[in-house]
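Hello,

Here is the structure I said I would pass on. My notes follow below it.

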Amino acid sequence: MIEGIFVDGLVFSIMVIGILISYRILNFADLTCDGSVATGAAIATMAIVNGFPITAALLFAFLGGVGAGMVTAAIHNKLKIPGLLAGILTMTMLYSINLRILGNKANVPLLRVSTLYTKLPLFFGFMAPEWASLVGTLLVVLFVKIIVDVFFRTDLGVSMGAMGGNEQMVISQGINPEVLKLMGIGLSNGLIALSGGLLAQYQGFADANLGQGMVVQGLAAIMVGEFLFSSNRISLLTLRAILGAIIYKALMFFGRKYGYLVNITPNDFKLLTGILVIASLFIAQTRSAASSAGAKRKAIARSEGRRTAKEEVPHA
Amino acid sequence: MLELTSVTKVFYPGTVNEKLAIDGVNLHVNKGDVVCIVGSNGSGKSTLFNLISGTYPVTAGKMVFDGADITSKPEYRRAMTIGRIFQDPTKGTAANMSIEDNMITAETKGMKGLRISLNNEKRQQYRRLLSLIGLEDRLKDNVGLLSGGQRQALTLLMMVMSRPKMVLLDEHTAALDPRNAQTVMDLTERFIAEYQLTAMMVTHNMQFAIDFGNRLIMMDEGSIIFDVSGEEKSKLTVEALVRLFKDLRNKTYANDAGLLTKA
């Protein structure tokens, strides 16, 4: 049971890292996610059903997501419309495309085929199947995390971070921000689709409606993570996203398990997730106001301290 | 080095808000020139900079820089050889990143690769550069923690690191307090001399424009109304400049009236 929460959280965390890249690093409010996570699930499922190896299926899912993200970035770049609208357009179009990928079915099961989660217990035969799934997923997540961490420390990754902070600065350095967005949003959605590909295998089916509300859940996870500790280093940002994803999934798990006691059903989860995001934003705002008030108090205390120190000099 | 031929910019053409911001400007800037541009608010100084750096496209005219036609080159391509500093100190640096990350982005112009260039050798080098502006111990600090003056000084340092062929300084000390403005200005002077930069600088301070550089341009209503260099410039005084401005402005007004009656 507890392993289940962790596996669920870890699969979800790859998507959260993707959302972290678009929302926090590139400062691009991207809603493509709701579509690309289902695209990833659909591509991986169909690839596996059609006999491709699991790694190839996941690679196809990743590339499908990259393509979806690049479409969003291209719409935003070329038509000069806000990223938000570009994302909504791609997400809506992806719904039809996902149904096509799934062969015009809303739901395709992964029955009687070997998936990552049927193979992992065989591979790690010496441990319980649930733990084997957990270890396998953890390895995938660590692999993704390390690649993302290294990427955002390269010159290219650093310039993407700079664009998120100040687009004009990147232009002044002779870099075309449109190309950075194409790559960055592509990478973000690639990871989101990869997460979708894992999710389909974990739950045993791909669903065209899988992506509904995923962006908000991902944002909730990021914000929960941000309460843990504050940092600017990419390795800690991704760690925070992973921990936030697991905590979010745990919260949802306990909501499902004990929610009936306060008359909460899974139907209420979208509402609750939204309230969680709003509450996080509110708390973050209050905290930053409090810390700037604290800094002000300290600055005043410091200048007063200096004044008293000066006054004391003649006596000494 | 820079050659502008009948450069014209009209904002909102064909609407009631149509405004002629730059009116057929011809300008030739030689290599090594340090040009100060003065003019009242709305005279087109900043628009001229926006046209040269490519923020806006020109309505008509031609711009040649360093032998190449740049009239329709996008802004990021022009930025490869033309550096620019804005009045707003937050525009030149990314606040969400550390000083060293900002510097590594500025070190080479153009699209970056997948190399990790930031190493201890680079940090040592940056520390030496930063000691010019007293920030040598703050390599890992976020740029957002710096004061406006420190940020502008860092922007200046980052700009010269990439060795631009020409720099555009758009009232880059106007948003700073007098002491910081002086520091940034001293640094500007030092870099211009040290790297033999060709520079154009917008300023509101007439005395400063007279003292600094080898050429002075006065703009009004989108035209260059006065262009003086060398010895003639060094003889200028603020009073003379103000008087000249008044005379010239009256004359241009008269000309405009003449044109209107003719039409």
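In this predicted model, H1(A) passes H6(A) in a left-handed crossing. H6(A) covers residues 129-151 of chain A, and the two helices pack at an angle of about 20° with their axes 9 Å apart. Angles under 35 degrees count as roughly parallel, so H1(A) and H6(A) are roughly parallel to each other.

On the H1(A) side, the contact is made by Glu3(A), Gly4(A), Phe6(A), Val7(A), Leu10(A), Val11(A), Ser13(A), Ile14(A) and Ile17(A). Among the residues they meet in H6(A) are Trp131(A), Leu134(A), Leu138(A), Val141(A), Lys145(A) and Val148(A). By type, the residues of this contact are twelve nonpolar, four polar and three charged.

The largest nonpolar core has 151 residues, and Val16(A) and Ala199(B) are the members that touch the most others. The helix that gives the most to this core is H1 of chain A (residues 2-25), with twelve residues. Setting aside neighbours within four places in sequence, Val16(A) is in contact with Gly218(A), Ala221(A), Ile222(A), Ala241(A), Gly244(A) and Ala245(A).

One residue in chain B is also worth a look. Leu129(B) lies in helix H4 of that chain, which spans residues 120-130.

Regards

How values were computed:
Residues are numbered from 1 along each chain as its sequence is written. Chains are lettered from A and ligands numbered from 1 in the order in which they are written. This is a predicted model: local features need pLDDT of at least 70, side-chain atom pairs count only at pLDDT 80 or more; totals for chains, interfaces and linings use all residues. A nonpolar core is a set of buried Ala, Val, Leu, Ile, Met, Phe, Trp, Tyr and Cys residues joined through C-beta atoms within 7 Å. A residue is buried if 20 or more other C-beta atoms lie within 10 Å of its own, exposed if 12 or fewer, and partly exposed in between; C-beta atoms are placed from the backbone. Helices (H or I, at least four residues) and strands (E, at least two) are DSSP runs, numbered from the N terminus. Two residues are in contact if their C-beta atoms, placed from the backbone, lie within 7 Å. Axes are lines fitted to C-alpha atoms, for helices over the stretch in contact, and angles run from 0 to 180 degrees between N-to-C directions. Angles under 35 degrees count as roughly parallel, over 145 as roughly antiparallel, 65 to 115 as roughly perpendicular and the rest as oblique. A crossing is left-handed if the near helix is turned anticlockwise from the far one by less than a right angle, and right-handed if clockwise. Ala, Val, Leu, Ile, Met, Phe, Trp, Tyr, Cys and Pro count as nonpolar, Asp, Glu, Lys and Arg as charged, and the others, Gly among them, as polar.
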